[in-house]
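Hello,

Please have a look at it first and then read on.

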Amino acid sequence: MNSPYFADRSLLLGLPQEIILMILLDVVEEEGEISWHERTRVQLICRALRDFVNLTPSFWSHISVLQPKKLWQRHIDMSSQLGLTVACNFTPEHESHASFLSTILPQAHRIHSLSCNINRHCKTVIIEVITRAALSLRDLRLFSTTEWVGDMDGIPLDGMPRLETIDFSDIILKPHTWCKVTGLRVVKLEETDWVDEISTFLDFLKQNDQLEKFHYSFEENVHLIDTLGPQILPTPYDTILLPSLTHLTLYSIPAFHLLTILQHVSLPPHSYINATLADSFPPDHEQPLDFVVPLMTLLVAWRPPSSLELVFDGEEAYVAATEQRWNLGFYNNAPDIEPREEAYRIFLQQIPPGIRVLISSVRIISLEHVGLLAKALSENPIHLITFDCPLNKTALAALWMDRSRGWDGFCLPKLQSITFRIWRYSTAGDIHTLRDLLQAYKATKQGNMQGLDAKIVVPMCYDQGDIQAALEDPILLSLGPLIERVAKDELAMDDEAEFNGTFEVVEEAVDSDDEEDVHSDEILRLLVARVNVV
């Protein structure tokens, strides 16, 4: 081997076996599981490492449908009798799911962790695999991204004594099925039916008092007719203690259910709760709004925040108390439903004065809400510190309704801070209008800009051309706005170019005596780096 790191491999091979294995697994781990590409590359480094991994069962205990078919049985054999981690997730050949699971089926009793993207070709066999693995399963993730697979209630969740984690998404699984599980630590349920009676969920919590995370989300719940839920508990309930729960997310459950949970469940001080009511904002339903303020009052009393932030998006709104680790959301109907302005006014009027004074910031994400909220805020005695919205001529026109009156034409004259965010529809003209607004404020204050903090948030991708020139306008800069440049968030792209070759070629290299490979040098460099850390 000609690698500059070859001389250091003795450092690696001289370590105890469990340390070598730990380093190898760390190097080849990819998104929580061992990539078969990287496992192959490790074997190409040298004969000694190849022999080591071939004699180490835990190195082969991760089995994925993405691996070539001829490796499925080999992994089962090489892993000896260790517990298996099985991933049957994404593949363009749906039929291969059933073939893969059928290969795994005889060894299903060894499966500790199972993740499966279910389709109609593999539904029957995945239920059989889960049934055979019931006594050994600890983690179970089931989802469907391509098609409707029908009822999955045949899964024997109540017969899995070692199960600690369930993650179900887009499958039909009735509450009477998932509520039977006991001893869970992590639960994630998305697009799965909620319970009909809140007592069923309370009983579930009592049977899973070591829960660490619980996440529930079902987008369709926002359209349910019965958004309140039954308001009478059939039996009295004592407080349910959940000392280990750090995260509780309840997205779009009936309003009374949420209120009942907060009244009967005790969470540790460091826990985080994110709760969203179903369709609860007027004008469609006036009664559910009556739950928003009581819930807000309960949360404020439970964990008193120093300040609150109102965040209004297109369909959802939040009352956020980040420093106290809770958010209360409510479904916010589309802005074209009238009278939207009256709805905001009613909401703001119902907030008790003691909570109203805590509101320090209102952030508007949807441009259509700027004028409606600004007008409602101007008519309610809320002493706002910050108003945060996109920068656009529509937003500026809604806030600065009468430019001829200078700052007096601004609808929130007592504002202490305003933040505008540059986005794809912002123009240099909008920045010039903002400059004129700040000049109007300065003129009103007789040349003093104290009392109003202005900030412009600029994603780097927009900081160019006319936008950049407008931001560097000397007159604008003299008015003192804080210009905060932020990086653009980009989706991470996995580069699969180096794995475009067929696995058969790599397999031949593994079985040959040639110990030199262009990719193995990088793997060995990483291994040596880990050894130096150790």
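In which loop is Arg325 found? Arg325 sits in the loop between β15 (316-321) and β16 (326-331), where helices (H or I, at least four residues) and strands (E, at least two) are DSSP runs numbered from the N terminus.

Before I go further, some background. This is a predicted model, in which local features need pLDDT of at least 70 and side-chain atom pairs count only at pLDDT 80 or more, while totals for chains, interfaces and linings use all residues. Residues are numbered from 1 along each chain as its sequence is written, and side-chain values use heavy atoms, with hydrogens and water left out.

Back to Arg325: its phi is positive, about 65°, although Arg325 is not a glycine. Arg325 is partly exposed because its relative accessible area is 32% (buried means under 20%, exposed over 50%, partly exposed in between, with a 1.4 Å probe and protein chains only). Glu191, in the loop between β8 (186-190) and α9, also is not a glycine and has a positive phi of about 55°. With 23% relative accessibility, Glu191 counts as partly exposed.

Glu191 is among the residues that Ser217 touches, as are Leu189, Glu190, Thr192 and Tyr251, leaving aside residues up to four places away in sequence (contact means heavy atoms within 4.5 Å). Ser217 belongs to strand β9 (residues 213-217) and is buried, because its relative accessibility is 13%.

Now for the core. The largest nonpolar core has 137 residues, and Trp178, Phe201, Phe214, Phe387 and Leu399 are those with the most contacts inside it (such a core is a set of buried Ala, Val, Leu, Ile, Met, Phe, Trp, Tyr and Cys residues joined through side-chain atoms within 4.5 Å). Helix α16 (residues 428-444) gives the most to this core, seven residues. Not counting residues up to four places away in sequence, Trp178 touches Phe201, Phe204 and Phe214, among others.

Phe201 also takes part in a helix pair: Ile198, Phe201 and Leu202 in α9 meet His257, Thr260, Ile261 and His264 in α10. Helix α9 (residues 198-207) and helix α10 (residues 255-264) pack at about 35°, with axes 10 Å apart (axes are lines fitted to C-alpha atoms over the stretch in contact, and angles run from 0 to 180 degrees between N-to-C directions).

Happy reading!
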